[in-house]
Amino acid sequence: MSVQEVKLRNFALEVGRAGYGSSFRQRMASVAEVAATEAEAVDREARFPQKAIDAAREERLLGAQIPIELGGDGASISEVTDMCYGLGRACASAGMIFAMHQTKIACLVRHGAGSDWHESLMRRVAAEQLLLASSTTEGQNGGNIRFSSAAVERADNEISLVRDATVISYGAEADGIVTVARRSDSSAGSDQVLLAITRDDYTLEPTLAWETLGMRGTCSAGFKLNFRGTADQIFPVPYEQIHAQTMTPVAHLCWSSVWAGIAAAAVDRAQLFIRKAARGSGGNMPPGAAHFTAAKMTLTKMRAIIAANLQLYEARERDERALSSVDFQSSINLLKVEASELAVTAVMHAMRACGLSGYRNDTDVSIGRHLRDVLSAPIMINNDRILASVGSATLMSTVPKSLRD
């Protein structure tokens with residue numbers, strides 16, 4: 001690359017980082033403001049947060065991770081997780097949709113580079129602000145995404161896939177889906193490939209409705225997925241590698257950031273309640289004040305754990321061996337467990353700080369929606385499954401000899 005080309009690329013990078021005159025945080029603040037206006041209705045009606053996603057498109061945030069040279073902003077994982085946190089504070093469903101979409105984009109950017117088909121899709125995502133959904137759960141596998149039943153069928157360069165997808169979050173509203181499948185009919189369930197498919201390649205037949213306690217706006221219904229396309233749509237990297245290096249760490253970092261955002265919103269409401277109560281009683285703290293302190297401390301701990309794992313991932317992001325190590329995989333999986341449990345604890349403390357006012361659904365400090373939404377966290381890839389799977393691995397991991405090891 002010539003000196004002039006380097007200068008032009010650096011200039012493009014700076015322009016992309018500037019986000020067309022505003023920072024990612026400013027752009028997400030605009031989206032979050034819109035998301036907050038419909039959060040109650042999204043929850044009540046279990047409907048897709050269309051206004052929030054339209055606002056994200058308007059701010060060109062759906063393609064934020066796409067490299068500058070392919071039309072995106074080249075956003076880092078830190079910038080993406082910060083956006084997940086901000087949107088999670090405004091609307092849990094919109095935040096989780098954004099987090100799941102960005103996880104698929106991270107896989108596309110990291111593992112689709114060099115593939116003409118996947119780079120073309122990246123350009124489309126950046127130009128058209130396409131929303132990508134995920135299909136990793138099927139049949140009776142209980143959320144075990146490292147085992148697939150449905151297999152890719154091949155006929156020369158043409159391929160097809162029929163999948164009983166028990167959950168495809170916002171599947172009916174997405175412009176495309178990133179899905180996993182067995183490499184072929186003769187392959188073992190763990191021999192998987194990842195495919196990127198667009199709406200004109202597949203049909204969805206509804207099989208399961210989405211009537212849930214929380215996260216109602218994610219519209220995570222079940223579908224029979226019928227796809228027909230070309231072999232070029234299969235990622236050029238085995239899914240085992242994608243899963244370890246990108247899918248798992250990015251998903252857990254983004255999801256945790258959304259849960260932290262939900263907890264932060266609940267803590268905000270608890271703080272408002274405590275301040276009002278103290279003012280109304282001549283400065284005397286209400287009975288729930290201790291729970292507010294506990295909520296704030298729990299949120300602080302949660303944010304610190306996310307930040308530590310974020311730093312760990314960024315330091316190893318281009319080191320395939322380090323990303324596949326037992327220590328890193330254990331840490332990033334346990335992040336999901338810790339963050340999800342802490343989020344529930346923080347929101348529960350916030351509700352107890354507010355007492356009946358937090359329990360009611362008709363007050364300005366109501367925390368019912370936040371609690372219902374955050375209760376999904378421990379069962380998204382069930383924590384018990386994760387703890388069982390990392391048990392033997394953690395026995396192989398060394399105990400640090402100093403605080404900085």
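**Notebook: cysteines, helices, strands and aromatic pairs**

I looked for disulfides, meaning pairs of cysteine sulfur atoms within 2.5 Å, and the structure holds zero of them. Cys 107 is in no disulfide, and the nearest cysteine sulfur, that of Cys 254, is 10 Å away. Cys 354 is likewise in no disulfide; the nearest cysteine sulfur belongs to Cys 91 and is 20 Å away.

I note that this is a predicted model, in which local features need pLDDT of at least 70 and side-chain atom pairs count only at pLDDT 80 or more, while totals for chains, interfaces and linings use all residues. Residues are numbered from 1 along each chain as its sequence is written, and side-chain values use heavy atoms, with hydrogens and water left out.

**Entry: burial of the cysteines**

I took buried as under 20% relative accessible area, exposed as over 50% and partly exposed as in between, with a 1.4 Å probe and protein chains only. Cys 107 has a relative accessible area of 0% and is therefore buried. Cys 354, with a relative accessible area of 2%, is buried as well.

I used DSSP runs for helices (H or I, at least four residues) and strands (E, at least two), numbered from the N terminus. The expected span of a helix is 1.5 Å times one less than its number of residues.

For α5, the 20 residues should span 28 Å, and I found the end C-alpha atoms 28 Å apart, which agrees. How many residues of α5 are buried? The count is 20 of the 20, so α5 is largely enclosed by the rest of the structure.

Helix α6 (residues 116-128) has 13 residues that should span 18 Å, and its end C-alpha atoms are 18 Å apart, in agreement. I listed His 118, Leu 121, Met 122, Val 125 and Ala 126 as buried in α6. Seen down the axis, the buried residues of α6 fall within an arc of 135°, so they line one face of the helix; the arc is that of the directions from the helix axis to the C-beta atoms. Asp 116 and Ala 127 are exposed, on the face of α6 turned away from its buried side.

What do the buried residues of α6 pack against? They pack against α5 (92-111), β1 (132-135) and β5, where contact means heavy atoms within 4.5 Å. Just after α6, I noted a positive phi of about 55° at Gln 129.

**Entry: strands**

I counted two strands as paired if DSSP finds at least two bridges between them. Strand β5 (residues 192-198) is mostly covered, with seven of its seven residues buried. In a regular strand the side chains alternate between the two faces of the sheet. From β5, Gln 192, Leu 194, Ala 196 and Thr 198 point one way, Val 193, Leu 195 and Ile 197 point the other way, and all are buried. Strand β4 (residues 176-182) runs antiparallel to β5, joined by seven bridges. In that pairing, Arg 182 stands opposite Gln 192.

I then turned to β7. Strand β3 (residues 158-168) pairs with β7 (residues 221-230) in the antiparallel sense over nine bridges. The bridge partner of Asp 164 in β7 is Lys 224. Strand β6 (residues 202-208) is also antiparallel to β7, through six bridges. Here Leu 208 has Gly 222 of β7 as its bridge partner.

**Entry: aromatic pairs**

I counted rings of Phe, Tyr and Trp (its six-membered ring) as paired if their centres lie within 6.5 Å; planes under 30 degrees apart count as stacked, over 60 as edge-to-face and the rest as tilted. A search of the whole structure finds two aromatic pairs. Trp 255 and Trp 259 form a tilted pair, 6.3 Å centre to centre with 55° between the planes. Both lie in helix α7 (residues 239-280), four residues apart, about one turn of the helix. Trp 255 and Trp 259 are both buried.

Tyr 313 and Phe 328 form a stacked pair, 6.1 Å centre to centre with 25° between the planes. This pair links distant parts of the chain, with Tyr 313 in helix α8 (residues 289-316) and Phe 328 in helix α10 (residues 326-354), 15 residues apart. Tyr 313 counts as buried because its relative accessibility is 2%. Phe 328 also counts as buried, at 2% relative accessibility.

**Entry: Pro 49**

Where does Pro 49 lie? Pro 49 is in the loop between α2 (24-45) and α3 (50-58). Pro 49 counts as buried because its relative accessibility is 0%. Leaving aside neighbours within four places in sequence, I found Pro 49 in contact with Glu 38, Val 42, Ala 94, Ile 97 and Gly 217.
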